[in-house]
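Biologist: I am new to this structure. Please take a close look at one part, the nonpolar core, and describe what surrounds it.

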Amino acid sequence: METPNEPNPKSNPPEAEAHIRSAHQILKALQEKIGQHPEIGQAITKLEMALNDLAIQTGGLL
């Protein structure tokens, strides 16, 4: 059985990182267009946390 700390060979962290960065950029652009909105800010924060989690899980290889 795989432990949580072992890298999953089936996952693709660089691809996940690209998706997260793209979503982050889209939300930032939307935030600039419509101004500060609590839900957009929360979504941006969650994306940043997910990206940090991926970096930790991959040993910073992102």
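The nonpolar core

Modeller: Seven residues make up the largest nonpolar core: Ile20, Leu27, Ile40, Ile44, Leu47, Leu51 and Leu54. A nonpolar core here is a set of buried Ala, Val, Leu, Ile, Met, Phe, Trp, Tyr and Cys residues joined through side-chain atoms within 4.5 Å. Buried means under 20% relative accessible area, exposed over 50%, and partly exposed in between (1.4 Å probe, protein chains only). Two or more residues of this core come from each of helix 1 (13–34) and helix 2 (38–57). With five residues, helix 2 gives the most. The chain has two helices and zero strands; helices (H or I, at least four residues) and strands (E, at least two) are DSSP runs, numbered from the N terminus.

The model is predicted: local features need pLDDT of at least 70, side-chain atom pairs count only at pLDDT 80 or more, and totals for chains, interfaces and linings use all residues. Residues are numbered from 1 along each chain as its sequence is written, and side-chain values use heavy atoms, with hydrogens and water left out.

Contact means heavy atoms within 4.5 Å. Leaving aside neighbours within four places in sequence, Ile40 is in contact with Leu27, Leu30, Gln31 and Ile34. Gln31 is found in helix 1 and is buried, with a relative accessible area of 12%. With neighbours within four places in sequence again left aside, Gln31 is in contact with Gln36, Ile40, Gly41 and Ile44.

For the chain as a whole, 18% of the 62 residues count as buried.
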